[in-house]
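Please read them alongside the coordinates.

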Amino acid sequence: MPVVPDISRRGFLKTVGAGTMTGTLTGLMTQQARAATGNSSGKSPQRICVVMFDGFGTDYYENSSMPTLKSWEKNGFYKRIQGVMPAVTNTNMAGICCGVHADEHGITGNSYWDADKDQELFMSDSGLLTAATMFQKAGRFGIRSMIVAAKQKTIPLMRQGTALAIGSQEPPAEIVERYGKAPEIYSPDVNYWVWKVAIDLIKTQPKVGLFFVHTTDYPMHKFASESVESRVHLKTIDQFLAEAADADPDMAFIIAPDHGLNSKSTVLNLNKTLARKEIDIKIAMSAERDQYPKHHGGFGGTAFVYLKSPNDTDRVIRALRDVEGIEEILTREEAAKKYKLNPYRIGDLWVTAVKDVVFGHSKEEREKLAPDYRSHGSAHELDIPGFIYRYAGKLPHESEITTNVDLCKFLYRS
Ligand SMILES: [Zn+2]
């Protein structure tokens, strides 16, 4: 395996910018060029920018004026594809970055129940990731990667194998010096900052061959696809995409959304539903709960139900069966098989909601949500558009790209 020279994260911009590593890095890139892209010219491998467009459901694309993406649709690969369940960011991000499903990468939600600590924990630790990321695979070809993300939670989960991973909420000092402080995370502006940084790095770090740009879906939680605010946000992002494509006319772009969103009318607390029916469980929790409560209050369309005893399975299923708002109840084994999930990282039972209902720790068993409340997590938020633009290598057949997991899995194969 080729060895990637070690450069400290702090000094990376200066080091690569000053060209002190150029000889070695160029050597590695040239040496690995053919294997990485399949071209036989002996040139450096094509640079790639993967955009995880958080919350960019198909309706957002169709209801917005996005001339850049429209032209990429026409001149590149475009397909209406599906995200994976649960329709939350971490599961889909790990799928996009590893090119496998959660039965292999292990990230089955934004949160899970940690039996050891006896509490709900965020799935944001790379120690939980059980598959190699494209950053690690690219490294085997001597290709350096960078992440620029609005959500800081992406960084600990995905930074392994990258040369530099920048989260807007805790960016390295040299990034703040160069680009200024990021706007607050609960704003569309943070996405513009992310793109400004990414475009400049595309221009100034030619030795970085793989970029991963992760925007936040806060604007989609706030604004429906047909609203003026959403159109302004997406038109602006579209202009950044044009600028990024111009920053390196040879770079390939892969647009990989994680999930869509829907308006939700009701939150249902399954802990209280079961308590009312005098059934004792360990916990029912939303798979969507993450570090960004202002997005969704921790509520989402998939719940993990952990039982006190496996003997309770039938009783709990029976008790949930007639509950309004529930769409599907599966056992751990059934859910793992149907949705390709690691069975040990979901509840004893897997419960999904109808389109306008979410699960979570609400005060009352059933509460009405604000009229503008929007969220995701259920099987109704899987429709997303996938784009691959200017990729110089051979793409898989169109029929082989059906989910966002397929959008990057052909990259960096040896
Ligand atoms: Zn979200």
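1. The model is a predicted one.

2. Helix α4 (residues 67-75) and helix α12 (residues 228-247) have axes that come within 7 Å and cross at roughly 55°. The two helices, α4 and α12, are therefore oblique to each other. On the α4 side the contact is made by P67, T68 and L69, and on the α12 side by D238, L241 and A242. Sorted by class, the contact of α4 with α12 comprises four nonpolar residues, one polar and one charged.

3. Which residues of helix α16 are buried? In α16 (residues 332-339) they are R332, A335, A336 and Y339. Viewed down the axis of α16, these buried residues fall within an arc of 100°, so they line one face of the helix. The face turned away from the buried side carries E333 and K338, which are exposed.

4. The packing partners of the buried residues of α16 are α6 (102-105), β13 (326-331) and β14 (349-353). After α16 comes K340, which has a positive phi, near 55°. A reader checking backbone torsions will find that positive value at K340, the residue that follows α16.

5. Seven strands make up an open sheet with mixed pairing, in the order β2-β18-β8-β1-β7-β5-β6. At its edges stand β2 (77-82) and β6 (164-167); each has a single partner strand, so one side of each is left without a neighbour in the sheet. On average, and with direction ignored, neighbouring strands of this sheet are turned by 15° against each other.

6. Which residue of β6 is the bridge partner of M146? The partner is L164.

7. An open sheet of three strands, also with mixed pairing, has the order β15-β10-β16. Here β15 (357-359) and β16 (366-368) are the edge strands, and each has a single partner, so one side of each is left without a neighbour in the sheet. From one strand to the next the twist averages 25°.

8. V267 stands opposite V358 of β15.

Notes: Residues are numbered from 1 along each chain as its sequence is written. This is a predicted model: local features need pLDDT of at least 70, side-chain atom pairs count only at pLDDT 80 or more; totals for chains, interfaces and linings use all residues. Two strands pair if DSSP finds at least two bridges between them. Helices (H or I, at least four residues) and strands (E, at least two) are DSSP runs, numbered from the N terminus. Axes are lines fitted to C-alpha atoms, for helices over the stretch in contact, and angles run from 0 to 180 degrees between N-to-C directions. Angles under 35 degrees count as roughly parallel, over 145 as roughly antiparallel, 65 to 115 as roughly perpendicular and the rest as oblique. Two residues are in contact if their C-beta atoms, placed from the backbone, lie within 7 Å. Ala, Val, Leu, Ile, Met, Phe, Trp, Tyr, Cys and Pro count as nonpolar, Asp, Glu, Lys and Arg as charged, and the others, Gly among them, as polar. A residue is buried if 20 or more other C-beta atoms lie within 10 Å of its own, exposed if 12 or fewer, and partly exposed in between; C-beta atoms are placed from the backbone. The arc is that of the directions from the helix axis to the C-beta atoms.
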